[in-house]
Each structure stands twice: as C-alpha cells, then as structure tokens.
Amino acid sequence: MKFQKKSNNYYMIENGVYDMEKIRVMITDDHSLIREGLKQLLEFDGSIEVVGEASNGVECLKKLSECNPEVLLLDINMPEKNGIEVLKQMKADDSKIKVLILTVHNEMDYLMKAVDIGVDGYILKDSESAELKKAIRAVRDGENYIQPSLIPALNSQLLSRDTDKDKISSLTNRELEVLVQVANGMFNKEIATNLNISERTVKNHISNIFKKIDVSDRTQAAVFAIKNNIIKLY
C-alpha cells in the first residue's frame, strides 16, 4: 500500500506496483542489534542494498554524503542529535534523500512534528517486514507513506489544526496580544498596564477571544495559545 499527502490529509492507494531494482538505503539507529537485524532483513531478497549505518544523528549527517543513499531509515530517540533534529537539518540543507522514520513512537506529537518538517514516511517498529519494504519503495518513488494504523488520528489532528487556523485568523492583532498575555498568566490589571489600555477594554477583548476560539476560561485559552505556538509569535 502507498500513502500520499493531499490537501493536508494522507490517503491510502491500494495495489501499489513497484519495480524490484535495488534501492540504496542507509540505517540510523543507536542500537547495533537493530541495525544488524534490519540490514539482514532488507537485503534478504536482493531488492535493497544497505550502503551505510550510523549510531547517532551527528554521525548520520556526516555519513550521508559519503554513502549517498536514496532512502534514510531514521530512528527518533538517539544520542547527540535525535531523528527530528536530523530531519530538520536535512531539510535546511535541501537534501534530496528521502527520509523514512522507523520508530516505536505512535504518539501524535512525534508524527505531527515529522510531518510539519516534511518527512517522507513514518512507520512503527512493530510493522511486518513486507510493509517496511513497501514503505521504503514508496518514499523512494516520491510518495508519502504513513503507518496505516496512524492515518485516522493524523487526519483528525490535521483537520483540528486547520480549524484552529481559522480561529486564529479571526482574531485581531490586539486580541492576539491580549491572548499572549493571558497565556503568560497575566491578570487583567497587568494586561491593561502592559498594553496601555483600560481594564474594561481588556475584559471586552477577553470575552471576544473566548467566543472566537471557542473556549470558556483563561486556562483553556492559554492551552489554545500554547498548542498553536501563538506565544512564539509574539
């Protein structure tokens, strides 16, 4: 099965057809036994060649140009630089190497970070070997491949975030400033002083903010601001 991203969602395409030409893969994982096992597994039928290995993120970045893989199989939890940091660096360097994250983490936070950065694929270590090979071929061929069991939650998160973007765009610049102050734990009097406005005006802004972002109290408003990185914008 192949997965591709379209309109911020990932869709499953049945009966993907792949050629069997050998794919150059590099494995980065801090456990030597896992690297050894993956190498044997991937090279078993002759369709994949493991051209390099790395045990941490720093070593991985150094070896990429030497090994010149088509696909990087990348763990998340590693010393020195983790997988997310490696992915960020590769995107900053405009690397053409496809990145398939292979991890034990099924939490949405990790997946969303990887998707936001531009990962080509994300698959769990409990997957069958056949699925792992399909994922490798898919990302090599320019598709996005996401572990099937993660697709519903991913799409739900993406849709929720799109809704939040609409809510954020409805706020005025002043309301955003007030929301940041609320998220930082400021009381109305402090906000009024900081923004050089009256407390009544602050109350009105907060009331409008609550309506626009669909929350009922300051704590929920703060969570909304933090979740959507609004604090980082101001």
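In what order do the six strands of the open sheet lie, and is their pairing parallel or antiparallel? In this predicted model, the order runs 4-3-5-6-7-8, and the pairing is parallel. At the edges sit strand 4 (48-54) and strand 8 (145-146), each of which pairs on one side only. As a bit of background, the strands of a sheet are held in pairs by backbone hydrogen bonds, in either a parallel or an antiparallel fashion.

One pairing is worth a look up close. Strand 3 (residues 23-28) and strand 5 (residues 71-74) run parallel and are joined by four bridges. Met26, for instance, has Leu72 of strand 5 as its bridge partner. Helix 3 packs on the sheet, where it touches strand 5 and strand 6. The direction of helix 3 makes about 155 degrees with that of strand 5.

The phi of Asp94 is positive, near 60 degrees, even though the residue is not a glycine. That stands out because most residues other than glycine have a negative phi. Asp94 is also exposed, since its relative accessible area of 51% is over the 50% cut-off.

Asn196, not a glycine either, has a positive phi of about 60 degrees. Its place is the loop between helix 8 (188-195) and helix 9 (199-213). With a relative accessible area of 71%, Asn196 counts as exposed.

How values were computed. Residues numbered from 1 in each chain as written. Predicted model: local features only at pLDDT ≥ 70, side-chain atom pairs only at ≥ 80, totals over all residues. Heavy atoms only, no water. Buried < 20%, exposed > 50% of the residue type's maximum accessible area, 1.4 Å probe, protein only. Helix = DSSP H or I, 4+ residues; strand = E, 2+ residues; numbered from the N terminus. Pairing = 2+ DSSP bridges. Contact = heavy atoms within 4.5 Å. Axes fitted to C-alpha atoms, helices over the stretch in contact; angles between N-to-C directions.
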